[in-house]
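Dear colleague,

Please find below the structure that I am handing over to you. My notes on what was found in it follow directly after it.

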Amino acid sequence: MSLSRRALFGGLGAVAPPNVALITARGREALVDELGPMAVEASVITPPQDGEIRISSNENPYGPTGPALAALGGGFMVAGRYPTNVQPSMRDLRELIAQKFNTEPGNVVLGAGSSELLQNAPHAFTNSEKHLVTASPSYNQPARVARYLGAEVKAIPVDSAGRLDLDGMADAARGAGMIFVCNPNNPTSTVHSNGDIRAFVARVRSVSADAVVHFDEAYHEYVTDHAYESAAELAINTPGVFISRTFSKCYGMAGIRIGYGVGHPDTMRTLSRYSLTFNTNTPGVGAAYAALNTTGFVPREQKRNVEAKKVTADFFRNAGFQVMDSQTNFIFVNIRRPAAEFRSACAEQNVRVGRDFRPMEQTHARISIGTMEEMQRAIPVFGSVLGIPTNVGGRR
Amino acid sequence: MTTKNSMKVSRRTFVKTTGIGVSAAAIMAYDGPRSIARAWSMSLPQEERPMLLHNNENPLGPGRKVVEAMNEALSNGRGGRYPGSGGLPEALARAGGIPQDNLMIGNGSTQLLRTCTQVFTSPTRPLVTGAPSYEECAQYANNIGHPVEEVLLDDHMMLDLNAMADASQGAGMVFLNNPNNPTGTLWGADAVGSFIERVRSESPETMIVVDEAYHDYVTEPSHSTQIPRALSDTHVIVARTFSKAHGMAGMRIGWVVAHPDAISKMREWHLGLTLNIPSLLGAATSILDRERIEEEVARNTAARAYTIDWFEQHGMDATDSQCNFIFARTGMNAQEFRSGCAARNIRVGRNFPPYQEAWARISISTIEDMRTATRVFGEVLGVQAKAEAA
Ligand SMILES: Cc1ncc(COP(=O)(O)O)c(C=O)c1O
Ligand SMILES: Cc1ncc(COP(=O)(O)O)c(C=O)c1O
């Protein structure tokens, strides 16, 4: 085999002809700049075609973007190498993330999904003497880990609008090891403003000099509320504060398992002591790198989500059901009956919605936002299950 | 054979484009196995990229069928979905008769070794390990404040099984790397069996974790896997990985076989959400692709023999490695050797105390790469081949 065939990806000749319209839409320039000859057409992949509508796990139904897919395809061929030994390497990805946040690689840790960081943070920062503060309901994983490690968990109830009780959480921070703040919150979908967040951190610091504050921003890219702003800058400048983000949601890479944390270098150093040695897979690192460099992608996916979400939320609201103010790719609806009942009735019609979220499982269901077409097919199913007449499916 | 006519398959694309009105998926075609000993880099020309002989990777990467399966894993937006088990438990059942209750899959064997260390050691129940041996468990135990007892190798640079069994009294877990990294050597089935029986009878609470990361590469006939024992013994766990002979180090996937009781203890802690979907489908394909593994092992065996031979012909020696790396007595300080090689664009293994004064660990790449590499070693070590001189 000639040297040139062996270079880079070797199989470049096999790339399908580009679809000009899509490349225009997705910004080929960025793609070519960053990926060189690996740059290929940005393609759209269809969601599952087997009839099932899976709106249970807050996934992006389209999956990875074209540039990310191309990076994955190329990455598979060099997957014999650990992710430090292929470029873009873990280090390159950390540098790119640092650059996006105007900071240094020492402020960034990678994870096998943000889940790994949610596992490692309570391990690093809570113990039998230093409790965890979280909300109820909220993303459960940190609480589960803390309990396993024998740490107490103080779960502060959300208010009636599904918003975190930040004052209550700050009060509970006295003597805590860590406070987990899911913003926007899963499953309630609500968000707090940057002003709220800054005041919260100040208030935490007034009762605890060293409790670590973890802002889970898994749904950051989907937020449209103008009062919201990431806690990243605050985290970078404040010891003991960090954020986590993921490529699983807006970026459509839940199956690829790449997430990251950003914060003060001291906090990140402690956290990274718990990181798996090679936590991120080689093709996934390349895909995340490509995704971050795909200009225009986030606003487009955000817009798509807002449109499909509006149709869905409007349906429930018009029928007199309360829907919390969603800043995510899912909605939390008061269906006035047990989620389990609703879930199994929907499942019978091939629509999968979210699981129980205690303590609200007797009244609320979480529904992820799929494609517009999926939501238009799901709405009549919701209607039939809840006894609401619908013609939304046909109306558009 | 996939190796020979790689160009013929190079035009195929492997992700199906089944959607309506959807553009063709942009996926690289598999171009046949080829050495990726030189790091894949966007910025450096091929000839300037370093040859990587420092992490015991498979220089050819995953086989054609595996690459196909991984691309297939991305079809229909599946890369955007949280993975299920990807058919891997079923494939392992088919390949090795391993019931699902005895199985746990992890982000490389690294994650599983850590889970074992987390769950089976404690501040009062130490980890016992060889030294030097694979450090993952010891490092992690250190991180979480659990004590570690290191047992030096014996005079033949073999894991000192007697001393390790002695040290295991009251230990939470003993880590047995067989064959052992960095020395490459192994204990045969009889010796391992007696070791396990001794620990089981003298310290019945101690978990015995046998790391068989390099199992596929072993050519020594006295070796056998401890998987059958792990299926029934409550205190024996075998760790395996797809990172070595299967060529999937970058995919991050490994597995353990253990008694269901041990598995359920591990599950209470283990984070299941670390596995990516292409790795699951790729591994499921790879485990059933014996032909590819046989080719890979044949390649490694020949290149390993060539490299050990080169050292011996030049008046140095090497251990009887059963792995995809060798441990050679260069007579030079490992750091110095490493820098010398690095200056000539080859990266070799790090220091392995207490052998850092004279020994180097060198991963085995293709035989062509090893010819280049040994020429460089000759320069760095200032030796001349007897054969060449003659
Ligand atoms: C709030 C929140 N954090 C973290 C995660 C985990 O995401 P991942 O591990 O895929 O990054 C999720 C997934 O549902 C989530 O909702
Ligand atoms: C003996 C041994 N065990 C485990 C591993 C970890 O491999 P992985 O996490 O890639 O499965 C290695 C890697 O070098 C190794 O040498």
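Ligand 1 lies between chains A and B. This is a predicted model, in which local features need pLDDT of at least 70, side-chain atom pairs count only at pLDDT 80 or more, and totals for chains, interfaces and linings use all residues. Residues are numbered from 1 along each chain as its sequence is written, chains are lettered from A and ligands numbered from 1 in the order in which they are written, and side-chain values use heavy atoms, with hydrogens and water left out.

**Ligand 1**

The shell of ligand 1 holds 15 residues, of which A:Ser115, A:Asp216, A:Tyr219, A:Thr246 and A:Ser248 come nearest; a residue belongs to such a shell if one of its heavy atoms lies within 4 Å of the molecule. By type, the shell comprises six nonpolar, six polar and three charged residues. Here Ala, Val, Leu, Ile, Met, Phe, Trp, Tyr, Cys and Pro count as nonpolar, Asp, Glu, Lys and Arg as charged, and the others, Gly among them, as polar. Helix α6 (residues 114-125) of chain A supplies the largest share, three residues. Helices (H or I, at least four residues) and strands (E, at least two) are DSSP runs, numbered from the N terminus.

A polar side-chain atom of A:Asp216 lies 2.6 Å from a nitrogen atom of ligand 1. In the side chain of A:Tyr219, an N or O atom is 2.7 Å from an oxygen atom of ligand 1, and for the side chain of A:Arg257 the distance from an N or O atom to an oxygen atom of the ligand is 2.7 Å. Taken alone, ligand 1 exposes 400 Å², and the protein buries 97% of that. Accessible areas come from the Shrake-Rupley method with a 1.4 Å probe; for residues, only the protein chains shown count as cover.

**Ligand 2**

Where does ligand 2 lie? Ligand 2 is also placed between chains A and B. It is surrounded by 14 residues, and the closest are B:Thr110, B:Asp211, B:Tyr214, B:Thr241 and B:Ser243. These 14 residues divide into four nonpolar, seven polar and three charged. With three residues, helix α4 (residues 108-120) of chain B gives the most to this shell.

The side chain of B:Asp211 has an N or O atom 2.6 Å from a nitrogen atom of ligand 2. Oxygen atoms of ligand 2 lie 2.7 Å from a polar side-chain atom of B:Tyr214 and 2.5 Å from a polar side-chain atom of B:Thr241. Ligand 2 exposes 390 Å² when taken alone, of which the protein buries 97%.

**Chain A as a whole**

Chain A contains 16 helices and 11 strands. It has 396 residues, and 64% of them count as buried, a term that means under 20% relative accessible area, with exposed over 50% and partly exposed in between (1.4 Å probe, protein chains only). The chain exposes about 13,800 Å², and carbon and sulfur atoms supply 48% of this area.

**Domains**

Domain bounds come from an automatic or database domain assignment. For chain A, this gives domain 1 (28-63 + 297-393) and domain 2 (66-292). Their centres, taken over C-alpha atoms, are 24 Å apart. In chain A, 33 residues of domain 1 are in contact with 32 residues of domain 2, where contact means heavy atoms within 4.5 Å.

Chain B is divided into domain 1 (33-63 + 290-383) and domain 2 (82-286), with 26 Å between the two centres over C-alpha atoms. The contact takes 29 residues from domain 1 of chain B and 27 residues from domain 2 of chain B.

**Two local details**

In chain B, helix α5 (residues 136-143) has the buried residues B:Glu136, B:Cys137, B:Ala138, B:Tyr140 and B:Ala141. The partners against which they pack include α6 of chain A and, from chain B, α4. Just after α5(B), B:Gly145 takes a positive phi of about 75°.

Is A:His364 buried or exposed? A:His364 counts as buried because its relative accessibility is 8%. This residue is found in strand β11 (residues 364-368) of chain A. Among the residues that it touches are A:Met324, A:Phe332 and A:Arg337.

Yours sincerely

Key: Polar contact = N/O pair within 3.5 Å; in protein donor to acceptor, adjacent residues only side chain to side chain. Lists of a residue's contacts leave out its neighbours within four places in sequence.
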